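User: Hi! I'm new to this structure and would like a friendly walk through it. Could you show it to me before we start?

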Amino acid sequence: QAFSAQARNLDRHCTFCSAHAPPDRAMGCGGSKAKDEVINPTTKDTKTADRVVDKVKVHVGSLEIGTDGVAVKPKFNLGVTGPNVYVMGGVRDVRDGVAVEAFGMMHKDYMSKGSTLVEVLQNIKAVEPLPVLDDLIKVMPEAIAAVMESLKIDIAAEGAEAEGVVFVFTGTGVTAGLYLGWLDTKGYGMIGVEGQVSTAASIGLSVRVGLHESGEAVRVVMWLANVGFDAVVRLKTKHHPETVVRA
């Protein structure tokens, strides 16, 4: 889930966990602690440094304080986020889902592109042969099935291009979240749950998925014991959500 906060910092259309790359990248990307970083589904250029490297921010209650100023958000937490670090406790931005956490971690992020989600992971593995990538590849069918069940979209057949960030982290803490499909701050109607007690022991897969309000991209956020994956799949054809819920 720490991954979410990281994801939030990627771009304004794709959250890492927004909460982790999620909100600030909330794990269980409202992020990626890189969770909150987002990938714009309408552009194809990728600036890895701009998306993955987050500026240091201090969070005090509803305030988010950084070098770019002070922002007031509907959240209540305390902590610090920045390049390769995420220490946070409290309630994340409720616009991105209902999520709470008490988590601290150090992380390293890897970004790539590919024609499928598995190819994105394989491209990263070709450069950095991390064992945890095999774990993500192994559970990918479950993530694809979750998209089909929640959104009625077969991203294996309908995906045109994929782009994602892997977050490998070391830390400890607890996170829990519920995503009910309303449009988040990145324009995705995320559906799923988030919850884990991060330890050295292996835990199950946590997944949340959502269709962008443009109907042109699907976001998938996955978490395992010590690794997260926040990705966007651009679709071959535009899909129209039956219901668009706005927070």
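User: Which other residues have pLDDT under 50, and how many contacts beyond four places in sequence does the model have for them?

Analyst: Residues 243-247 also have a pLDDT that stays under 50, and the model has 10 such contacts for them. Where pLDDT is low, the predicted coordinates should not be read in detail.

User: OK, and what does the protein average in pLDDT?

Analyst: The average is 77, and 72% of the residues score at least 70. Helix α3 (residues 117-127) has the highest confidence, at a mean of 96, and helix α1 (residues 5-8) the lowest, at 34.

User: How many helices and strands are there?

Analyst: There are five helices and 10 strands. Both are DSSP runs numbered from the N terminus, with helices being H or I of at least four residues and strands being E of at least two.

User: What about the surface: how many of the residues count as buried?

Analyst: Of the 247 residues, 55% count as buried. Buried means under 20% relative accessible area, exposed means over 50%, and partly exposed is in between, using a 1.4 Å probe and protein chains only. The protein exposes about 10,000 Å², with 61% of that supplied by carbon and sulfur atoms. Those areas come from the Shrake-Rupley method with a 1.4 Å probe, and for residues only the protein chains shown count as cover.

User: Let's zoom in. Where is Val85, and what is it in contact with?

Analyst: Val85 is found in strand β3 (residues 85-91). Leaving aside neighbours within four places in sequence, Val85 is in contact with Val80, Met105, Met106 and His107. Gly171 is 86 residues apart from Val85 along the chain, and their C-alpha atoms are separated by 9.7 Å.

User: Why does Val85 count as partly exposed?

Analyst: Val85 counts as partly exposed because its relative accessibility is 25%.

User: And Asn84, what is its phi?

Analyst: Asn84 has a positive phi of about 70°, although it is not a glycine. Asn84 sits in the loop between β2 (69-82) and β3, and is partly exposed at 35% relative accessible area.

User: Where is Lys152, and is that residue buried or exposed?

Analyst: Lys152 is in the loop between α4 (131-151) and α5 (155-158). Lys152 is exposed, with a relative accessible area of 59%. Phi of Lys152 is also positive, near 60°, in a residue other than glycine.

User: One more: where is Glu213?

Analyst: Glu213 lies in the loop between β7 (206-212) and β8 (217-223). Glu213 is partly exposed, with a relative accessible area of 41%. Leu183 is 30 residues apart from Glu213 in sequence, and the two are 7.5 Å apart in space, C-alpha to C-alpha.

Methods. Residues numbered from 1 in each chain as written. Predicted model: local features only at pLDDT ≥ 70, side-chain atom pairs only at ≥ 80, totals over all residues. Heavy atoms only, no water. pLDDT = per-residue confidence, 0-100. Contact = heavy atoms within 4.5 Å.
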